[in-house]
Amino acid sequence: MELTSLTAISPVDGRYRKQVANLAPYFSEFGLIRYRVLVEIEYFFLLADKKFFKLPAAARKALKELSDNFNETDAQAIKEIEKTTNHDVKAVEYYIKQVLDKTANTLEAREFIHFGLTSQDINNTAIPLSFKHAMEFEYLPALINLQKHLHDLAVQWKEIPMLARTHGQAASPTRLGKEIMVFVERLENQVQLFSYVPYAAKFGGATGNFNAHHIAYPKTDWIALSNHFVEDILGLQRMQFTTQIEHYDHLAAHFDSIKRINNILIDLCRDIWTYISQDYFKQKTKAGEIGSSAMPHKVNPIDFENAEGNLGLANGILEHLSSKLPISRLQRDLTDSTVLRNIGVPIAHTLIALASIEKGLGKLVLNEKKIASDLEDNWAVVAEAIQTVLRRENYPNPYEALKDLTRGTSGINKESMHAFIDGLKVSAALKKELKKITPGNYTGVCPEY
């Protein structure tokens, strides 16, 4: 069977392909080859600029054209070379040389392509660079847009009082907007932590010591030159002490950060799902859509369920990536290679989830009547307020008095609570103050937002 969205084994490249197609330029085989070509050519240009060899203008133009406009035809040509070399990075080197050879007077220059390098000097710059771009252009914008959507909803629902539930039981009232702001703040904090982690790279020859570079040009400061290349040209951070490979500690930190963010989003999905089950939210319907094949009335919270499932799957892969990649036998084993090819998979599942959450939030219709009735049905929650005011007044054993009235009992309502207040041996002014407390106005304060 030919590979199509119907025959793909992974739903990322099948059912959900349209949702995550923007990730292909970063995480596909094409994307990996494209970034390898970019790194090889930029390094080649740097050596030319440092006068290691003369590079004719026509040759530079041809290679710049290849780097800037790399396409699937180029990638397929490299894959054809790989059938012979059985080495993916060497195939990239040979293809660049083929392009170079089509221009004149390049014999002096051609062997400076991939000069002194090992494959991991290319992979461990190309992969973090593609990951960095995917984060900056795809993941972080989607996450920040979701955070903004949540903030807008928090503002919209700022004044909506709502029964809180701790341990699943009725608790001191809150406001719906503030509960959404909990997630806004959590996401903001984690995005900041994510941004502190550098995009690390390795660039130092076969075992990290510039052996080949130094033996060929001992007077060149290869450390300074490579720092300049990786940090100033590629925009990454070069690790100074490495084996053949980058140690992936910073990449693991990024994965752990995304996993924490996903956990926050799972928490959000479960809360919204629960509010829908409590009928605090209705959901907008769309003509022709079906909620259940058997029950016509159903409008299921499928967007939040889909998101939760994708976030969980992403986290499972992220957990393996962050725990496996920093471990490599001695100066290098090959276990990182196949694992690194999968870093786009959890990002894809995460972006599928972000889109599902956005879609689900857009369907929500606030059911203020149900929220208000839940508050009215739970007058026992003002017991905390009353006993606290009585403590202020040095009333004897106020907590115990309210506990005897409310704990484990039903039928507590406005009338029974006011009857209790009337029976207190306190001033009329204090009774009036206590009677002003309701489940709807006992919502405390929170910072402005």
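At 73% relative accessibility, L330 counts as exposed, where exposed means over 50% relative accessible area, buried under 20% and partly exposed in between (1.4 Å probe, protein chains only). L330 is found in the loop between α12 (302-324) and α13 (335-340). Helices here are DSSP runs (H or I, at least four residues), numbered from the N terminus. The phi angle of L330 is near 45°, a positive value in a residue other than glycine.

This is a predicted model, in which local features need pLDDT of at least 70 and side-chain atom pairs count only at pLDDT 80 or more, while totals for chains, interfaces and linings use all residues. Residues are numbered from 1 along each chain as its sequence is written, and side-chain values use heavy atoms, with hydrogens and water left out.

H114 lies in the loop between α6 (88-101) and α7 (119-156). With a relative accessible area of 11%, H114 is buried. Leaving aside neighbours within four places in sequence, H114 is in contact (heavy atoms within 4.5 Å) with E40, V89, E93, S119 and I122.

One of these partners, S119, belongs to helix α7. S119 is buried, as its relative accessible area is 16%. Not counting residues up to four places away in sequence, S119 touches H87, V89 and H114.

S5 is placed in the segment before α1 (17-20). At 46% relative accessibility, S5 counts as partly exposed. Apart from neighbours within four places in sequence, S5 is in contact with D13, G14 and R15. The C-alpha atoms of S5 and A307 are separated by 21 Å, and these two residues are 302 residues apart along the chain.

Two packed helices are described by the angle between their axes and the distance between the axes. The axes are lines fitted to C-alpha atoms, for helices over the stretch in contact, and angles run from 0 to 180 degrees between N-to-C directions.

| Helix pair | Angle | Axis distance |
|---|---|---|
| α3 (residues 29-49) and α4 (residues 57-68) | roughly 155° | within 9 Å |
| α11 (residues 249-277) and α14 (residues 344-363) | about 30° | 12 Å |
| α16 (residues 383-392) and α19 (residues 428-435) | roughly 150° | within 10 Å |

The axes of α3 and α4 cross at roughly 155°, which makes α3 roughly antiparallel to α4. Angles under 35 degrees count as roughly parallel, over 145 as roughly antiparallel, 65 to 115 as roughly perpendicular and the rest as oblique. α3 passes α4 in a left-handed crossing; a crossing is left-handed if the near helix is turned anticlockwise from the far one by less than a right angle, and right-handed if clockwise. On the α3 side the contact is made by V37, L38, I41, F44, F45, A48 and D49, and on the α4 side by R60, L63, K64, L66 and S67. These residues divide into eight nonpolar, one polar and three charged. In this grouping Ala, Val, Leu, Ile, Met, Phe, Trp, Tyr, Cys and Pro count as nonpolar, Asp, Glu, Lys and Arg as charged, and the others, Gly among them, as polar.

Helices α11 and α14 pack at an angle of about 30°, and α11 is therefore roughly parallel to α14. Their crossing is left-handed. In α11, I258, N262, L265, L268 and C269 meet I347, T350, L354 and I357 of α14. The contact of α11 with α14 has seven nonpolar, two polar and no charged residues.

For α16 and α19, the axes cross at roughly 150°, so α16 is roughly antiparallel to α19. The crossing of α16 and α19 is right-handed. I386, V389, L390 and R392 of α16 make the contact with L430, E433 and L434 of α19. By class, this contact has five nonpolar, no polar and two charged residues.

**Cysteines**

The structure holds zero disulfides, a disulfide being a pair of cysteine sulfur atoms within 2.5 Å. C269, one of the α11 residues that meet α14, counts as buried at 0% relative accessibility. C446 is partly exposed, with a relative accessible area of 35%.

Technical notes:
Helices (H or I, at least four residues) and strands (E, at least two) are DSSP runs, numbered from the N terminus.
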